[in-house]
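Student: I would like a close look at one part of this model, namely its aromatic rings and their surroundings.

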Amino acid sequence: MINIDFYHDLLPYLAKNKVKLIAVSKTKSAHDIFQFYQLGQKIFGENKVQELVAKYETLPKDIEWHFIGNLQRNKVKYIAPFVSLIHSVTSLELLAEINKQAQKNNRIIDCLLEFHIASEESKNGLNFNESSAILASAEFKNFQNIRIVGVMGMASFTEDKDQVLSEFKTLKSTFNQLKTQYFQTKDTYKEISMGMSGDYELAVEAGSTMVRIGSSLFGKRD
Ligand SMILES: *Cc1c(COP(=O)(O)O)cnc(C)c1O
């Protein structure tokens, strides 16, 4: 069951804080997505390549599709023609492949560097030194078809709000440090993708510019 009341309550709160909503539609039907589309929602997030491509093909072409999951290099080619933002870049090799496929499609693909901010080992992401190594590399400087527009992270799955807030603040400070060191003159570097159904208010408090909300909008996933 989709939750239209939640959506209508969420929009003014996000607008007031100048935060964009990525409606995370993974596992949900094209029909459910279309219902939010008709209410004006134009940005959707998916975490599986095949599923994203199938939905892209059936749904209206003015939807902005964001990729938010673990991305295998050999699958970049399937989303490169249309993806608007890849939230989950965790290596130079992946970035090189995105650059190559973007070039083939004669476009520039916006990307976020994903950071590991949670206490759980299982979550993906770079640490600060790894991200610095990418951004300082000669190879990175030659990429003409990608643009790093910010950072992304997922907080720990815990009831401890202080911990979650502190993890989001860590991501915000990482964003700032990278801004100073690598993106001082780049106005396009401005996004902090953090916050999900259970923790988006804490993320907004810590300076999120994009929240990725799934189950509160679309209902629980199986
Ligand atoms: C599934 C997912 C979300 C949305 O999670 P909800 O708790 O359903 O809001 C956000 N970000 C990523 C990376 C996800 O995989």
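Is F82 buried or exposed, and what is its relative accessible area?

Tutor: This is a predicted model, in which local features need pLDDT of at least 70 and side-chain atom pairs count only at pLDDT 80 or more, while totals for chains, interfaces and linings use all residues. Residues are numbered from 1 along each chain as its sequence is written, and side-chain values use heavy atoms, with hydrogens and water left out. F82 is buried, with a relative accessible area of 11%, where buried means under 20%, exposed over 50% and partly exposed in between, for a 1.4 Å probe and protein chains only. A search of the whole structure finds 10 aromatic pairs, a pair being rings of Phe, Tyr or Trp (its six-membered ring) with centres within 6.5 Å, counted as stacked if the planes are under 30 degrees apart, edge-to-face if over 60 and tilted for the rest. One of them joins F82 to Y56: the ring centres are 3.8 Å apart and the planes stand at 10 degrees, so this pair is stacked. The pair links distant parts of the chain, 26 residues apart, since Y56 belongs to helix α3 (residues 49-58) and F82 to the loop between α4 (76-79) and β4 (85-89); helices (H or I, at least four residues) and strands (E, at least two) are DSSP runs numbered from the N terminus. Y56 is partly exposed, with a relative accessible area of 23%, and the charged end of K61 sits over the Y56 ring, 4.7 Å from its centre, the criterion being NZ of Lys or CZ of Arg within 6 Å of the ring centre and within 35 degrees of the ring normal.
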